[in-house]
Amino acid sequence: MKNQSLINALNECVAACNDCASACLAEDDVKMMARCIQTDIVCAEICSATAKVVAFESSVSKEMVDLCRKICGECAAECEKHDMEHCRYCAEICRKCEEACGAYAA
């Protein structure tokens, strides 16, 4: 399938963000993790929608991928502020997705 590597990166990012948000909710200081949880949820939703749009090779694919690259960067930056393993992993996967989106746009 065309764009399969991008779609795989997007779906991997959805899973990592959802896992991170869920793990953040189990942290002792959930209030401190609020921005991380919010960013994880938004990133997962945008990546999920982008994967669907790209699969259909929509006329808005490029704009969606550009937006996705932006939110993946924001999510990675937020997760990089925290030392938890789930945040470190999420940041790594978001950075990979950000790169995949950048490669698509190039």
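Here are a few questions and answers about a predicted model.

Visitor: How are H1 and H2 oriented to each other, roughly parallel or roughly antiparallel?
Guide: Helix H1 covers residues 4-25 and helix H2 covers residues 34-55, and their axes lie 8 Å apart. The two pack at an angle of about 160°. Angles over 145 degrees count as roughly antiparallel. So the answer for H1 and H2 is roughly antiparallel.

Visitor: And which hand does the crossing of H1 and H2 have, left or right?
Guide: We're still on the pair that packs at about 160°. The crossing of H1 and H2 is left-handed.

Visitor: How many nonpolar residues are in the contact of H1 with H2?
Guide: On the H1 side, the contact includes Leu6, Leu10, Cys13 and Cys17. H2 brings in, among them, Ile37, Ile41, Ala44 and Asp40. Sorted by class, there are four polar residues and one charged, and the nonpolar count is 19.

Visitor: What about glutamate 57: is it buried, partly exposed or exposed?
Guide: Glutamate 57 sits in the loop between H2 and helix H3 (61-79). Its phi is positive too, near 50°. Buried means under 20% relative accessible area and exposed means over 50%. Glutamate 57 has 47%, so it is partly exposed.

How values were computed
Residues numbered from 1 in each chain as written. Predicted model: local features only at pLDDT ≥ 70, side-chain atom pairs only at ≥ 80, totals over all residues. Heavy atoms only, no water. Axes fitted to C-alpha atoms, helices over the stretch in contact; angles between N-to-C directions. Helix = DSSP H or I, 4+ residues; strand = E, 2+ residues; numbered from the N terminus. Parallel < 35°, antiparallel > 145°, perpendicular 65-115°, else oblique. Left-handed = near helix turned anticlockwise from the far one by under 90°. Contact = heavy atoms within 4.5 Å. Nonpolar A, V, L, I, M, F, W, Y, C, P; charged D, E, K, R; others polar. Buried < 20%, exposed > 50% of the residue type's maximum accessible area, 1.4 Å probe, protein only.
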